[in-house]
Amino acid sequence: HLPEALRMSSPTGTSRILSLLSLIHIKESWLLLEPLLAPHQSPSLLAAALRASNEPRARASVLLLVSHENWVVRAQAASALGRIGQPGDERLLMEMLGDSAWWVRYRAACALRNLPFVTRASLEELMNDQNADPFARDILRQALAEVEVAR
């Protein structure tokens, strides 16, 4: 049983189990993830739990972690929002484009690009409006260019 394995595993084992959970979609995975997404958990455990978060029910927990002190957690929270975000979350991701950590900015830009309700045109407009923040403009340019390369 997965819940028992999570309960009995070491922190490294828990991270490995969560990595598997992110690859396979188990019904009711939220019940396993919810206690692991508490802000008091270790950054490595939070990052692993965020990588496995694919359900909209995780959104409230993810939103609590976008301002976590650890940049790895913030980066994974941005990625999770790219999978489960709702209209309005793009504003938060835009704010994250100004984060001090490059990886957080990159994950926020990729998350914006991945949201189904954010158009390429709106991202290009956002990119052109970033005169005050060249880092945000550059990371958006990179995220958009990656789409072109992938085609």
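Modeller: Gladly! Let us begin with the pair formed by helix α6, residues 71–84, and helix α7, residues 89–96: their axes come within 11 Å and cross at roughly 150 degrees. Please keep in mind that this is a predicted model. An angle over 145 degrees counts as roughly antiparallel, and therefore α6 and α7 are roughly antiparallel to each other. The crossing in which α6 passes α7 is left-handed. On the α6 side, the contact is made by Arg74, Ala78 and Leu81, and on the α7 side by Asp89, Leu92, Leu93 and Met96. Sorted by class, the contact of α6 with α7 has 5 nonpolar residues, 2 charged ones and no polar ones.

Before we follow the neighbours of this pair, here is the wider setting. The protein has 10 helices and 0 strands, and from the N terminus on its elements run α-α-α-α-α-α-α-α-α-α. Of its 151 residues, 44% are buried. The protein exposes about 8300 Å², and carbon and sulfur atoms supply 56% of that area. If you take the contacts between residues at least 6 apart in sequence, 56% of them join residues at least 24 apart.

Now back to α6, and to another partner of this helix. The axes of α4 and α6 come within 9 Å and cross at roughly 10 degrees. That makes α4 roughly parallel to α6, since angles under 35 degrees count as roughly parallel. From α4, the residues in this contact are Pro43, Leu46, Ala47, Leu50 and Arg51, while α6 brings Val72, Val73, Gln76, Ala77, Ala80 and Arg83. By class, the contact of α4 with α6 has 8 nonpolar residues, 1 polar and 2 charged.

Helix α4 deserves a moment of its own. This helix spans residues 43–52 and is mostly covered, with 7 of its 10 residues buried. Those buried residues are Leu45, Leu46, Ala47, Ala48, Ala49, Leu50 and Ala52. Leu46, Ala47 and Leu50 are among the α4 residues that touch α6.

Let us pick Ala48, which lies in helix α4. Its relative accessible area is 1%, and buried means under 20%, so Ala48 is buried. Gln76 is one of the α6 residues in the contact with α4.

What happens on the way from α7 to α8? The axes of these two helices come within 8 Å and cross at roughly 150 degrees. That makes α7 roughly antiparallel to α8. Here, too, the crossing is left-handed as α7 passes α8. Glu90, Leu93, Met94 and Met96 in α7 meet Val104, Arg105, Ala108, Ala111 and Leu112 in α8. The residues of this contact of α7 with α8 divide into 7 nonpolar, 2 charged and no polar. Leu93 and Met96 of α7 take part here, and Leu93 and Met96 are also among the residues α7 uses against α6.

At 1% relative accessibility, Leu112 counts as buried. Leaving aside residues up to four places away in sequence, Leu112 touches Glu90, Leu93, Met94, Leu97, Val118, Leu123, Leu126 and Leu140. Leu112 and Glu90 are 22 residues apart in sequence, and their C-alpha atoms are 6.3 Å apart in space.

Finally, have a look at the loop between α7 and α8 (102–114), where Gly98 lies. Is Gly98 buried, exposed or partly exposed? At 45% relative accessibility, Gly98 counts as partly exposed, because that class falls between the 20% limit for buried and the 50% limit for exposed. Not counting residues up to four places away in sequence, Gly98 touches Arg105 and Asp133. Arg105 is one of the α8 residues that meet α7. Gly98 and Ala108 are 10 residues apart in sequence and 9.5 Å apart in space, C-alpha to C-alpha.

Methods
Residues are numbered from 1 along each chain as its sequence is written. This is a predicted model: local features need pLDDT of at least 70, side-chain atom pairs count only at pLDDT 80 or more; totals for chains, interfaces and linings use all residues. Side-chain values use heavy atoms; hydrogens and water are left out. Helices (H or I, at least four residues) and strands (E, at least two) are DSSP runs, numbered from the N terminus. Buried means under 20% relative accessible area, exposed over 50%, partly exposed in between (1.4 Å probe, protein chains only). Contact means heavy atoms within 4.5 Å. Accessible areas come from the Shrake-Rupley method with a 1.4 Å probe; for residues, only the protein chains shown count as cover. Axes are lines fitted to C-alpha atoms, for helices over the stretch in contact, and angles run from 0 to 180 degrees between N-to-C directions. Angles under 35 degrees count as roughly parallel, over 145 as roughly antiparallel, 65 to 115 as roughly perpendicular and the rest as oblique. A crossing is left-handed if the near helix is turned anticlockwise from the far one by less than a right angle, and right-handed if clockwise. Ala, Val, Leu, Ile, Met, Phe, Trp, Tyr, Cys and Pro count as nonpolar, Asp, Glu, Lys and Arg as charged, and the others, Gly among them, as polar.
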